Each structure stands twice: as structure tokens, then as C-alpha cells.
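Hi everyone, thanks for coming.

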Amino acid sequence: MCGILGVVAGGPVNQLLYDGLLVLQHRGQDAAGIVTAEGSTFHMHKGGGFVRDVFRTRDMRNLAGATGIAHCRYPTAGSAMNAAEAQPFYVNSPFGIVLGHNGNLTNSEQLKRELFRDDLRHVNTNSDSEVLLNVLAHELQAAGRGVRLDPETIFAAVAGVHRRCRGAYAVVCSIAGYGLLAFRDPFGIRPLVYGTARGERGTEYLVASESVALDTLGFRLERDVQPGEAIFIDTQGSFHSRQCADQPSLNPCIFEFVYLARPDSVIDGISVYETRLRMGQSLARKIARQHADLHIDVVIPIPDSSRPSAMELARDLGVDYREGFIKNRYIGRTFIMPGHAVRKKSVRQKLNAIAMEFKDKNVLLVDDSIVRGTTSREIVQMARESGAKRVFFASASPPVRFPNVYGIDMPSARELIANGRGDGAIAREIGADCLIYQDLDGLVSAVRSVNPRVTNFETSCFSGLYVTGDVTADYLAGIEAQRNDDALARRASTSATTQLDLNLMETAAG
């Protein structure tokens with residue numbers, strides 16, 4: 001999961017890109033980068049950490065140009081943060097190209113071999129985004145035969161990318177001297193939108209992962225980039241688009257609506273906020289139908305993304321809604337953190353209970369999802385310590401039983417609390433008196449009802465069905481080996497040792 005932006009404007013774009021990254025910070029907090037194009041020259045700055053920590057005034061001054069792209073990163077496929085893998089990535093052959101990618105390629109190892117053996121290209125990191133960049137560069141060379149580019153050649157190259165790459169990818173890239181290119185995988189798994197604004201020198205364009213970036217930067221949402229589609233805005237501001245895939249189909253990731261996206265975003269014509277309200281309505285119907293005997297006194301959300309579902313659930317059940325937890329907004333997402341002890345400690349730092357809302361009450365806690373169960377277990381314990389008589393727990397989404405391979409770095413399957421357990425066993429594991437999950441049909445119906453034209457969704461972490469059709473048992477076994485806590489700890493140790501060696505080398509050189 002990452003955030004991407006691309007801008008073509010009549011003046012400097014550095015501030016626009018920086019402000020856009022701040023709005024998309026929820027999509028990636030490990031690293032950030034901006035590249036601007038000034039004529040045929042790129043200016044780049046990137047590094048690890050929050051956007052506000054990566055960029056200083058001197059860095060912004062150096063980012064000159066009226067075209068640019070930006071990226072904020074969460075690591076995917078079980079990778080630890082490595083400064084060398086901060087995006088955007090750059091290649092200089094056959095053209096200068098910088099690229100930012102949101103998603104995950106499922107055939108990156110095969111592509112690496114093809115790039116080295118057949119395309120004579122070298123990939124320097126473990127990032128599948130660098131693989132994708134080199135595939136695009138090769139396809140541009142093959143389509144254009146090394147001469148000047150035009151939109152037809154660029155779209156032919158994107159068609160070549162679609163033929164070779166598997167998985168999920170929403171991409172922005174800048175081609176030196178030519179303009180901004182953006183495209184989306186043929187299954188439309190990860191989101192990508194574009195909008196326009198009237199500038200002093202004509203129409204300006206912004207491409208982003210979520211519509212909220214357009215809203216806050218003063219751009220009007222035009223539409224989503226369609227599955228398999230590519231759009232190209234040249235340096236003169238001319239807009240071109242083309243469907244580059246043979247059989248595209250729209251399958252947006254349903255977890256975007258459950259948790260990842262900001263509630264004020266609209267993805268594929270679907271309001272994220274409205275879907276969360278309807279998730280609450282669906283969950284309320286299930287509780288009224290199957291758990292009428294619970295005698296709930298109060299509904300309390302686990303902040304923040306479950307709040308709309310909890311409010312609507314309480315309203316439909318005719319039960320009081322209260323805020324019972326205060327969130328520390330400076331702690332990262334816990335389901336990605338390696339190591340049980342670290343996750344347990346971070347939950348207590350992240351949330352603190354308001355005791356008066358729990359004392360002597362039967363409390364229904366509502367969360368957007370349950371992944372490892374660490375957060376849920378600690379929250380149930382906090383509710384009991386605050387005096388709750390009984391603690392019920394509801395999830396606005398179904399049990400997460402399978403790994404996500406399309407760009408969300410969920411734990412290995414054996415570390416998912418719902419893997420191999422029924423609802424009763426999970427309730428006992430987290431210490432709840434009763435556990436209620438949303439049904440998958442209910443979740444899909446809730447999201448689809450906001451825009452009935454979207455009929456299919458990527459639901460693999462709930463259903464185990466992978467829409468790209470290429471995810472094998474061997475691939476999942478590889479994911480399992482990459483994502484378990486022991487493997488993450490080893491990589492973190494190696495990364496720390498490498499960084500220490502680099503620091504010592506720099507000190508010695510100084």
C-alpha cells in the first residue's frame with residue numbers, strides 16, 4: 001500500500017506534490033520521495049520517514065520544474081524498510097524515466113530473470129517497483145526503436161507492460177522531455193484518479209491514489225483511470241488516453257473501503273464514507289437477527305476508520321453511541337509491526353480508555369477488521385480494566401484468513417488470528433464474551449450498493465480467491481516464508497547492520 005501523485009502544471013509543482021503527500025500520508029509512512037522535471041533534467045529528493053521529516057526548505061528549493069511525481073511508501077511483500085527502496089525509481093535508458101508504484105507484482109522474480117537474461121537490464125534492489133520500471137523502459141525501447149516518443153509509442157509500451165506484468169499496479173511516471181504517464185493494471189485493483197484545474201497558463205492535471213488529494217489541492221475530479229487504461233499529458237499540456245489491455249475488468253480492492261482509504265475519498269465512483277455507514281447497517285441487521293439476547297448498553301468504536309460503521313450500527317440498534325478511546329496519532333499501524341511484544345506495547349501507547357464510558361456496562365466494541373488479534377485482545381482487556389461488565393466485539397469486515405498479495409503487507413497466514421479458527425475460538429483468543437463478524441456477502445453488498453455499476457471486488461484476504469488467476473500454492477508458500485515474524489526480524493537485523501556499516505564508512509571517509 002502506497003500513495004502516488006503526478007502533476008503537470010504551468011508553474012512550480014514542488015509545493016503541490018509536498019502538500020499532496022501530506023494528504024496521502026495514511027497510505028505510507030516509511031518513506032517519501034519527490035521528483036520534478038525541468039526540461040529534460042530531473043531533480044530528486046527522497047528518504048525514510050514521514051513526509052514532514054524527509055523534506056526541508058533546501059530540498060524543496062532544489063525541486064524545480066512544472067512537472068513531477070511523488071510517492072509515500074509502506075513496504076510490501078514482507079520487505080523491511082530500506083532507504084535504497086524509497087521511491088520514485090530512476091533509469092536513464094533508453095529515456096530518462098522516474099516511476100512511482102502502488103501495488104505488488106506477483107511475477108516479479110520471473111521478470112527479474114527475463115530482464116537480466118533477455119533484456120540486458122539490471123535490477124539493483126528487491127523492489128518489484130524497480131522491476132516494473134525496467135520492464136516499462138524496455139517496452140518503450142522496443143516500441144520506439146530508440147527514436148523520439150509519441151503517444152502511440154508510449155501506449156504500445158504500456159500494452160507490453162500489461163502483457164508481461166501480473167498483479168496489482170497503479171503507476172505514475174515522468175519521461176524526461178516528454179511528460180507525465182499514468183496507468184492502472186487490467187484488473188483495476190489499486191485506485192487511481194485524475195483531475196484538472198484552471199491555471200494561469202491553461203489546464204493543469206493531477207493524478208493521485210485517492211480523490212481527497214484532488215479536493216484539497218483545488219483540482220476537480222474528472223474520473224478514475226480505468227483498468228488497463230493509460231493517460232499521457234505531454235509537456236505542452238495536451239491530454240491523451242488509451243485502453244492498453246486486451247480484456248480489462250474492474251475489481252477494486254475491497255479492503256480500501258474497509259480500512260485503507262480516507263473516508264472523504266471516492267474510489268471508482270464509490271464514496272468510502274458511505275460504504276462504511278452501510279457496513280454498519282449490515283452489521284446491525286446481523287446482530288438484530290442472530291444476537292438479540294446480548295443486551296448491549298453502549299456501542300464504542302475503535303478509532304478511527306470504524307467510527308462511521310459504529311455510529312450507524314448504534315443508530316439502527318437504538319443503542320447509545322459513545323467515544324471510549326482516545327487515539328495517539330503518532331503510532332504507526334500495528335498489524336504491520338513485526339514481533340508480538342512490539343505490537344502489544346504499541347497498542348497501549350496508541351489507545352487509552354475513558355473509564356466512565358465502560359464502567360458497569362455491557363459494551364459492544366466495533367472495529368473495521370481483525371488481523372493478528374493483538375490490538376483486539378489488548379482493547380478488550382482495557383475495556384475490562386475500565387469496569388465493563390461484559391465486552392462484545394464486532395468487526396465491520398469478515399475474518400481475515402488469507403494473505404494479501406496485491407500490495408497490502410498483511411502478516412503470514414499462520415499469524416492471522418482467523419486462520420484455522422472459528423468465531424468462538426477467536427472470541428476466546430481475544431477475551432471477548434461474544435464476537436460478531438460481518439458476512440462477506442454483506443460487505444460486498446454494502447460497498448456495491450453505493451455504486452451498483454461496480455459488480456466485482458478483489459476480496460482475497462477474506463475469500464482466498466485471487467482475481468488475477470496466477471497465484472499458486474508455491475507463490476503463497478513463498479509469501480508465508482517472507483512474512484512470518486522470524487523472517488522479518490532477520491531482515492530488520494540485516495538492515496540495521498548494513499546501515500551501521502554505511503555509517504562507519506561515511507565516518508571513516510570524513
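**Walking across the sheet**

Let me start at one pair: Phe-89 sits opposite Leu-99 in β6. Before going on, a word on the model: it is predicted, so local features need pLDDT of at least 70 and side-chain atom pairs count only at pLDDT 80 or more, while totals for chains, interfaces and linings use all residues. Residues are numbered from 1 along each chain as its sequence is written, and side-chain values use heavy atoms, with hydrogens and water left out.

Strands here are DSSP runs (E, at least two residues), numbered from the N terminus, and two strands pair if DSSP finds at least two bridges between them.

What about β6 itself, residues 97-105? Nine of its nine residues are buried, so the strand is largely enclosed by the rest of the structure. Buried, by the way, means under 20% relative accessible area, with a 1.4 Å probe and protein chains only.

On we go to β7 (residues 167-175), antiparallel to β6 through nine bridges. Here Gly-100 faces Val-172 in β7.

Next, β7 and β8 run antiparallel with six bridges, and Cys-173 is opposite Leu-181 in β8. Their hairpin has three residues between the strands, and Gly-177 there takes a positive phi near 85°. Strand β8 (residues 179-184) has six of six residues buried, so it too is largely enclosed by the rest of the structure.

Finally, five bridges link β8 to antiparallel β12 (residues 229-234), where Phe-232 stands across from Leu-181.

Methods. Buried < 20%, exposed > 50% of the residue type's maximum accessible area, 1.4 Å probe, protein only. Helix = DSSP H or I, 4+ residues; strand = E, 2+ residues; numbered from the N terminus.
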